[in-house]
Amino acid sequence: MSKLSRDKVVTVLGEVPPDKLGVTLTHEHLFHSLRQREIFLKILFTPDYKNPRPWLWDAPIDITKVDMIRRDPFCNMDNLSVLNPELVTKEVLYFKMAGGGTICDVTPGGGDNPFGLKMVSSASGVNVIAGCGYYLQPFHPPNVAKSNVEELAEGMIRDLTEEMVKGTGIRAGIIGELGISSKMHPDEKKVLHAAATAHKETGAPIMLHQGPPSGLEAISILLQDGVKPDRIIAGHCDATGPDLDYIREIADRGVYVEFDTWGFEIYLPQLHFSWPNDRDRIICLAELIKLGYVKQILVSHDYGSKVQLRSYGGWGYSYFLEYVVPRMLSDERIGRSGKIRTAINKGDIQTILMENPKRVLPWH
Ligand SMILES: [Zn+2]
């Protein structure tokens with residue numbers, strides 16, 4: 001491992017000391033390409049699914065369509081493509097103006113526009129940390145099935161220590177998000193073993209796209225391979241319901257639990273899947289804090305479409321800071337029966353937004 005990287009955070013513009021991170025969103029996707037979009041559609045639209053609004057499929061986004069697209073982000077092709085660095089810079093600046101300092105883009109391979117990540121970070125002054133490795137198996141490039149663990153690990157180590165795309169000089173700073181399907185695919189397991197090797201070689205943290213039950217299995221594999229629990233981030237913990245028992249089971253192993261879909265309150269008809277709402281997230285988070293897990297919590301929005309951006313009527317990257325934080329600090333009312341304190345104080349919020357990223361993101 002390069003001595004230069006010890007206890008440093010690796011951003012797309014180079015290494016920075018942990019103190020320079022500031023308020024950090026640990027799970028976003030700044031750019032999206034046609035390739036990603038087509039695979040998503042393959043997963044989501046099974047042959048028996050009937051699109052209720054076929055006319056919306058190819059229509060360009062405008063304000064009259066935003067409500068429908070917000071409720072079903074995958075019903076419109078234009079929504080799933082974000083490739084313009086000027087647009088992304090403007091959106092990232094809203095986060096900076098609200099007090100933000102760092103964003104992790106955990107699309108493996110440096111997002112769909114690695115050079116764009118560099119442009120956005122230079123233009124906005126916000127640190128951007130890029131991910132490497134492989135998402136869910138349907139997204140794997142053909143080389144994953146053909147490669148063995150050592151070859152996959154070599155590729156990740158190259159992305160972390162040299163560069164992700166030849167000639168750009170851009171290094172990955174985190175391994176992930178590594179996709180774990182609800183029934184783990186053997187190639188996803190192979191990627192996990194490779195990630196453990198790459199971690200031990202570099203010290204870079206590992207982030208999982210996971211849920212019950214296979215998420216716990218994935219964590220066990222990493223721990224058995226010698227990864228320390230406090231180097232692992234379990235993504236999408238809030239998308240489980242949030243299921244406090246499952247989240248506690250992860251946290252009890254010493255792993256970071258990430259609430260990373262703030263502002264997502266949708267129902268996907270094709271998957272029969274509902275995301276929770278922010279109130280559920282706050283109540284669960286308050287419970288976790290009460291139980292003593294505040295030092296293991298991370299937050300983000302996991303944006304991956306146009307209508308989540310302010311330029312297209314969405315909440316934008318400043319949403320957590322501008323809307324969720326004040327709501328966490330205020331009383332939450334339950335029905336007509338009275339008030340409950342969410343029991344989240346300013347110190348807890350500072351721990352979640354600044355101290356925890358500062359501990360988990362540096363390589364060691
Ligand atoms: Zn994600």
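Helices H3 and H4 cross in a right-handed way. This is a predicted model, so treat what follows as a reading of computed coordinates. H3 covers residues 85-97 and H4 covers residues 114-124, and the two pack at an angle of about 45° with their axes 9 Å apart. That angle makes H3 oblique to H4.

Who touches whom here? On the H3 side you'll find Pro85, Val88, Thr89, Val92, Leu93 and Lys96, and they meet Gly116, Met119, Val120, Ala123 and Ser124 of H4. Sorted by class, that contact has seven nonpolar, three polar and one charged residues.

Now for the other pair, H6 and H7. H6 passes H7 in a right-handed crossing. Their axes come within 8 Å and cross at roughly 45°, so H6 and H7 are oblique to each other. From H6, the residues involved are Val149, Leu152, Ala153, Met156, Ile157, Leu160 and Thr161. Their partners in H7 are Lys190, Val191, His193, Ala194, Ala195, Thr197, Ala198, Glu201 and Thr202. By class, the contact of H6 with H7 counts ten nonpolar, four polar and two charged residues.

Here are the two pairs side by side:

| Helix pair | Residues | Crossing angle | Axis distance |
|---|---|---|---|
| H3 and H4 | 85-97 and 114-124 | about 45° | 9 Å |
| H6 and H7 | 149-161 and 186-202 | roughly 45° | within 8 Å |

Notes:
Residues are numbered from 1 along each chain as its sequence is written. This is a predicted model: local features need pLDDT of at least 70, side-chain atom pairs count only at pLDDT 80 or more; totals for chains, interfaces and linings use all residues. Axes are lines fitted to C-alpha atoms, for helices over the stretch in contact, and angles run from 0 to 180 degrees between N-to-C directions. Helices (H or I, at least four residues) and strands (E, at least two) are DSSP runs, numbered from the N terminus. Angles under 35 degrees count as roughly parallel, over 145 as roughly antiparallel, 65 to 115 as roughly perpendicular and the rest as oblique. A crossing is left-handed if the near helix is turned anticlockwise from the far one by less than a right angle, and right-handed if clockwise. Two residues are in contact if their C-beta atoms, placed from the backbone, lie within 7 Å. Ala, Val, Leu, Ile, Met, Phe, Trp, Tyr, Cys and Pro count as nonpolar, Asp, Glu, Lys and Arg as charged, and the others, Gly among them, as polar.
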